[in-house]
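Work through the exercises below with the model open. Each task is followed by a solution in steps.

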Amino acid sequence: MYADALLIIVISILTALLSEGITWILVYRTDQYKRLKSSIEKQSKRLERKKEAVTDISRQGGQKRKIEKAEERLKNVNRDLSMVKMKSMVVISFTFMSLMGMFNTLYVLFCVLRFLYPALF
(Lines give C-alpha, C1' and ligand atoms only; values in the text may rest on other atoms or scores of the structure.)
Protein backbone atom coordinates (compact mmCIF):
# COMPACT_ATOMS: atom_id res chain seq x y z
CA MET A 1 0.00 0.00 0.00
CA TYR A 2 2.77 2.46 0.90
CA ALA A 3 4.76 1.41 -2.14
CA ASP A 4 1.84 2.30 -4.42
CA ALA A 5 1.41 5.68 -2.71
CA LEU A 6 5.13 6.35 -3.04
CA LEU A 7 5.02 5.33 -6.70
CA ILE A 8 2.17 7.77 -7.35
CA ILE A 9 4.08 10.59 -5.65
CA VAL A 10 7.22 9.83 -7.66
CA ILE A 11 5.23 9.70 -10.90
CA SER A 12 3.61 13.06 -10.15
CA ILE A 13 6.99 14.66 -9.41
CA LEU A 14 8.47 13.23 -12.60
CA THR A 15 5.56 14.45 -14.73
CA ALA A 16 5.90 17.93 -13.22
CA LEU A 17 9.62 17.92 -14.06
CA LEU A 18 8.82 16.68 -17.56
CA SER A 19 6.33 19.49 -18.00
CA GLU A 20 8.83 22.12 -16.89
CA GLY A 21 11.51 20.61 -19.11
CA ILE A 22 9.28 20.71 -22.17
CA THR A 23 8.33 24.30 -21.39
CA TRP A 24 11.96 25.30 -20.98
CA ILE A 25 12.97 23.63 -24.24
CA LEU A 26 10.08 24.97 -26.32
CA VAL A 27 9.66 28.44 -24.76
CA TYR A 28 12.13 29.87 -22.29
CA ARG A 29 15.36 29.22 -24.12
CA THR A 30 14.18 30.53 -27.51
CA ASP A 31 15.35 33.87 -28.86
CA GLN A 32 11.79 34.89 -29.69
CA TYR A 33 10.71 34.53 -26.06
CA LYS A 34 13.74 36.48 -24.82
CA ARG A 35 13.09 39.24 -27.35
CA LEU A 36 9.40 39.50 -26.46
CA LYS A 37 10.15 39.45 -22.73
CA SER A 38 12.65 42.31 -23.03
CA SER A 39 10.22 44.20 -25.24
CA ILE A 40 7.49 43.86 -22.61
CA GLU A 41 9.82 45.15 -19.90
CA LYS A 42 10.90 48.15 -22.02
CA GLN A 43 7.36 49.05 -23.03
CA SER A 44 6.12 48.71 -19.45
CA LYS A 45 8.80 51.14 -18.28
CA ARG A 46 7.94 53.58 -21.08
CA LEU A 47 4.26 53.37 -20.23
CA GLU A 48 4.93 54.05 -16.56
CA ARG A 49 7.09 57.07 -17.46
CA LYS A 50 4.35 58.40 -19.74
CA LYS A 51 1.73 57.98 -17.04
CA GLU A 52 3.91 59.80 -14.52
CA ALA A 53 4.61 62.61 -17.00
CA VAL A 54 0.93 63.57 -17.39
CA THR A 55 0.82 66.74 -15.32
CA ASP A 56 0.04 69.54 -17.77
CA ILE A 57 -3.75 69.82 -18.20
CA SER A 58 -3.56 71.57 -21.59
CA ARG A 59 -1.49 68.71 -23.08
CA GLN A 60 -3.39 65.95 -21.30
CA GLY A 61 -5.50 64.94 -24.35
CA GLY A 62 -2.44 64.22 -26.50
CA GLN A 63 -0.78 62.43 -23.64
CA LYS A 64 -3.82 60.21 -23.14
CA ARG A 65 -3.73 59.15 -26.77
CA LYS A 66 -0.01 58.34 -26.51
CA ILE A 67 -0.67 56.36 -23.36
CA GLU A 68 -3.50 54.45 -25.05
CA LYS A 69 -1.25 53.63 -28.03
CA ALA A 70 1.50 52.45 -25.68
CA GLU A 71 -1.01 50.27 -23.80
CA GLU A 72 -2.21 48.83 -27.10
CA ARG A 73 1.38 47.99 -28.15
CA LEU A 74 1.99 46.37 -24.78
CA LYS A 75 -1.20 44.35 -25.16
CA ASN A 76 -0.11 43.16 -28.62
CA VAL A 77 3.31 42.07 -27.36
CA ASN A 78 1.67 40.21 -24.47
CA ARG A 79 -0.58 38.45 -26.98
CA ASP A 80 2.45 37.46 -29.06
CA LEU A 81 4.15 36.13 -25.95
CA SER A 82 1.12 34.04 -25.03
CA MET A 83 1.08 32.60 -28.57
CA VAL A 84 4.73 31.58 -28.14
CA LYS A 85 3.79 29.80 -24.91
CA MET A 86 0.77 28.16 -26.57
CA LYS A 87 2.81 25.63 -28.56
CA SER A 88 4.35 24.37 -25.35
CA MET A 89 0.93 24.00 -23.75
CA VAL A 90 -0.32 21.95 -26.71
CA VAL A 91 2.66 19.60 -26.53
CA ILE A 92 2.30 19.24 -22.76
CA SER A 93 -1.42 18.51 -23.04
CA PHE A 94 -0.85 15.73 -25.60
CA THR A 95 1.97 14.32 -23.48
CA PHE A 96 -0.18 14.26 -20.35
CA MET A 97 -3.12 12.69 -22.19
CA SER A 98 -0.87 9.86 -23.35
CA LEU A 99 0.56 9.46 -19.84
CA MET A 100 -2.95 9.34 -18.39
CA GLY A 101 -3.83 6.56 -20.80
CA MET A 102 -0.71 4.63 -19.85
CA PHE A 103 -1.28 5.03 -16.10
CA ASN A 104 -4.95 4.17 -16.51
CA THR A 105 -3.98 0.76 -17.82
CA LEU A 106 -1.59 0.26 -14.87
CA TYR A 107 -4.23 1.01 -12.24
CA VAL A 108 -7.37 -0.50 -13.79
CA LEU A 109 -8.19 -2.84 -10.91
CA PHE A 110 -6.43 -0.89 -8.15
CA CYS A 111 -8.71 0.21 -5.32
CA VAL A 112 -8.08 3.88 -4.64
CA LEU A 113 -10.73 4.58 -2.03
CA ARG A 114 -13.11 2.60 0.16
CA PHE A 115 -16.23 4.24 1.47
CA LEU A 116 -17.14 3.61 5.07
CA TYR A 117 -20.83 3.88 4.25
CA PRO A 118 -22.96 2.35 1.50
CA ALA A 119 -23.53 4.28 -1.71
CA LEU A 120 -26.78 6.23 -1.96
CA PHE A 121 -27.46 5.37 -5.59
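**Exercise 1.** Decide whether R79 is buried, partly exposed or exposed, and find its salt-bridge partner.

Solution. Step 1: the relative accessible area of R79 is 46%. Step 2: buried means under 20% relative accessible area, exposed over 50%, and partly exposed in between (1.4 Å probe, protein chains only), so R79 counts as partly exposed. Step 3: a salt bridge needs a side-chain nitrogen of Lys or Arg within 4 Å of a carboxyl oxygen of Asp or Glu. R79 meets this with D80, the closest N and O atoms being 3.7 Å apart. Step 4: D80, at 32%, is likewise partly exposed.

The model is predicted: local features need pLDDT of at least 70, side-chain atom pairs count only at pLDDT 80 or more, and totals for chains, interfaces and linings use all residues. Residues are numbered from 1 along each chain as its sequence is written, and side-chain values use heavy atoms, with hydrogens and water left out.

**Exercise 2.** Locate the salt bridge between K75 and E72.

Solution. Step 1: the closest N and O atoms are 3.8 Å apart. Step 2: both residues lie in helix α3, 3 residues apart, which is about one turn of the helix. Step 3: K75 is exposed at 53%, whereas E72 is partly exposed at 39%.

**Exercise 3.** Which residues form the positive surface patch?

Solution. Step 1: patch residues have over 30% relative accessible area and no salt bridge, and like charges are joined within 9 Å. Step 2: the members are K42, K45, R46, R49, R65, K66, K69 and R73. Step 3: α2 (31–53) and α3 (60–106) are the elements that give two or more residues to this patch. Step 4: R65, in helix α3, is exposed at 53%.

**Exercise 4.** Is T23 buried or exposed?

Solution. Step 1: T23 sits in helix α1 (residues 2–28). Step 2: its relative accessible area is 8%, so T23 is buried. Step 3: leaving aside neighbours within four places in sequence, T23 is in contact (heavy atoms within 4.5 Å) with Y28, S88 and I92.

How values were computed:
Helices (H or I, at least four residues) and strands (E, at least two) are DSSP runs, numbered from the N terminus. Patches are made of residues with over 30% relative accessible area and no salt bridge: like charges are joined within 9 Å, nonpolar side chains (Val, Leu, Ile, Met, Phe, Trp, Tyr) within 5 Å. Accessible areas come from the Shrake-Rupley method with a 1.4 Å probe; for residues, only the protein chains shown count as cover. Lys and Arg count as positive and Asp and Glu as negative; His and the chain ends are not counted. The place of a charge is taken as NZ of Lys, CZ of Arg, CG of Asp or CD of Glu.
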